[in-house]
Structure formats: structure tokens, C-alpha cells
Amino acid sequence: MAFFKKFFNNIVHDRGSKDATVTVKDKPKPTYYGTVTPYPNFNASSDVSVLRSAIESKRVDEDVIVAVLVKRSNEQRQMIKAVYESNTGKNLVKSLKSVLHSHLEDVAMALLMVPAQFDAYLLRKATKGLGTDEEVLVEVLATRSNKEIEEIKKVFRQEYGTELEKVIKDETSGDFTNALLAMLRAQKNETTDVDVELAKKDAKVLFESGEQTHKINVSTFIEILTTRSGPQLSKTFQQYATMSDRTLPKALQMELRGDIEDCLISIVKCAWNTPAFFAEKLNKSMKGLGTRDHMLIRVLVSRSEVDLKKVIEEYRAMFGRSLQEDILADTKGHYQKVLLGLCGPH
């Protein structure tokens, strides 16, 4: 957990004050930190014509396909899918699968799903077959809003004919299952207001449930970490630091083992600074020999219309180089182009 030494020594930024807002029609609106924005003068029929030519030409024009996919918002891509089927009688996803290959195909398929569908797909893939990808389960459930989690559960039921809760119970065990189910209940307080007295109380409870007992009370940690807002938890961590000579993540590391340790520490990271959490994921995907392409694709696609600008800023602050530099060094061809396109202007 050496990352935490950097994480809590301000090499990455504290979440600090609330995000800036802009005024739209005399109403405050959160600043947009996505890298993919709606294409101006969008025309779905025109895009369909361009894509059809690119797909059906003797030599598939991957440059055109990439350019269209990364320069349209998810909502615009859904319109393109509908018009493509209406005009051609064919399914755009199947048409692209027939001409794209490897990781470029993976990115294209991800971009053509609505967010809840993509998340449901990730969770299904993480729990299907031999073994379970615990990291994906935690990443998705710890970083989505209550509304998004409810939509994921609905889509999962529709797409796979079973309840996500049942799958989680069948494929995981113990405290880790309890933590995942707690996040699935989607009962996190999402206000930005911070209750200092509650933070002091929670910090005391966490301290007494962890360091001040022979056996850590995991259920107490799960209850607090999965129901408080990010800003509220950040204040709790600060209060915890006044009671102990350890950071909360360090205490968790010393008291817990296995999946539940990784799960609770990930929740702490997300509460403290979500973009930094994803910057670490991206670095991990390209660190050392080989590339963890599914992780790289997953993060870039899922955050491209959320906070990828902030993730890119944190990446440079944490690792001393740009995300784009590492993508250039670690990938190639049209796959590289689509990833760089998702990162926005360099």
C-alpha cells in the first residue's frame, strides 16, 4: 500500500473545496470535467452515411470510425445507432464487430453502450466463469451515484435475467459480500454539506472499532463508509488523524486482510479524491511489462463524460508525466488513436 504514503502526503490534491460552478440560464450548474462533449451541428443521418462507407469499403476506414466515435457524446452515439438500424436494417454494433478487431473492437463496443449498460456488462463479466474480478466490483460500486446504481441493477436484471444482488451473494463471501451489498443498497448521503460533529463521532467510532479492540468491527466500518458522502468522509478522516498516529488506510491495512481490506481502502480513496483513485488505476494498467487493456479501456470510457479532465490532471501530479505520454509509449495503431481521442486535446 505504498500508494497511500503518497496519497495522504498531498502529492495528490485534497478534494478541498466544492467543485466550481457555472451559471446556465441563471441557475448554478457544476463545471463539466469530461473530455468528450456533444458534437456541434450534430447530424445522425450524416454520421450514419459516413460510418456506412467506412465499414463497407474494401479497406475498412478505421480512422473515420475512430473519429466519429470519440467526437460524439454517448447520447449522440445512441442516436447514431438508432438511425443506422433504421436506414440500413442492420445493427451498428454487429456491423462494427464484423470489421474491427482486438482492443479497438473492445473500445468501440464500450462506447456504443449507455453507461448503465456498460457498468452492468462490467459487473457480469467480473462475476462470470471461473474466479471473480473483485477489483472491478469495488471500482464500479464505490464510484457510482445512488441513482446510477439503481439503474445498473435494473439494466442487469433486464440484460441477464437475474438480480445483481443474487450474483454478488453467489460469487463472493464474508465481509466482502456484506460491503458490496451495502453499496448496492444505494443509501449513500449525497449532499455536499459536512457535519463536523458527526465526523468527530464517526472518527471516534472507527478508532474504537479498529485500533482500540482485539478484533476489528468490520460491520461498523462498512456501515459508515458506505452511507456517508465523500466530503463527510474526508472530514472524518481528518478527525481520525487527530486521534491516531496512523492514517485510516494504514490502520485498515494493519487490521484487515484480503478482499475486504482492498474494498474498504478503495472506498476511502474514492471519498478522499475520486479522480486520483482513477489516475492510480490508469497508471497500474500500463505499469511494468504488458498492458492491462481492459482496465485502461474501462476507466477511459467510463470517466470520459464524468471527470476525465481531473483524472488527467491528477495523473500528472502523481506520476510526473502525462497520461497521454504513457498511452503513446504503451499502445499503438488505431487503438492508440481512440484512447488518445478519449483523453481530449493534449
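Which helices each supply at least two residues of the lining of the largest cavity?

1. The model is a predicted one. In it, helix H9 (146–160) and helix H11 (174–184) each contribute at least two residues to the lining of the largest cavity.

2. Searching the whole structure gives 2 cavities of 30 Å³ or more. For the largest cavity, the volume comes to about 50 Å³.

3. The lining of the largest cavity is made up of Leu141, Arg144, Asn146, Ile149, Ala182, Met183, Ala186, Gln187, Lys188 and Thr226. By residue class, this lining has 5 nonpolar, 3 polar and 2 charged residues.

4. Turning to the pockets, the second largest pocket has a volume of about 590 Å³. It is lined by 25 residues, and those closest to its centre are Phe118, Tyr121, Leu122, Lys125 and His294.

5. Several helices build the lining of the second largest pocket: helix H5 (92–99), helix H6 (102–111), helix H7 (115–127), helix H8 (134–143), H9 and helix H17 (293–303) each provide at least two residues. The most comes from H7, which gives 6 residues.

6. How do the residues lining the second largest pocket divide by class, and what are the counts? There are 13 nonpolar, 2 polar and 10 charged residues in that lining.

Methods:
Residues numbered from 1 in each chain as written. Predicted model: local features only at pLDDT ≥ 70, side-chain atom pairs only at ≥ 80, totals over all residues. Heavy atoms only, no water. 1 Å grid on protein atoms, 1.4 Å probe; cavity = no way out; pocket = protein on both sides within 12 Å on 5 of 7 lines; lining within 4 Å. Points joined across faces, edges and corners; volume = space filled by probe spheres on them. Helix = DSSP H or I, 4+ residues; strand = E, 2+ residues; numbered from the N terminus. Nonpolar A, V, L, I, M, F, W, Y, C, P; charged D, E, K, R; others polar.
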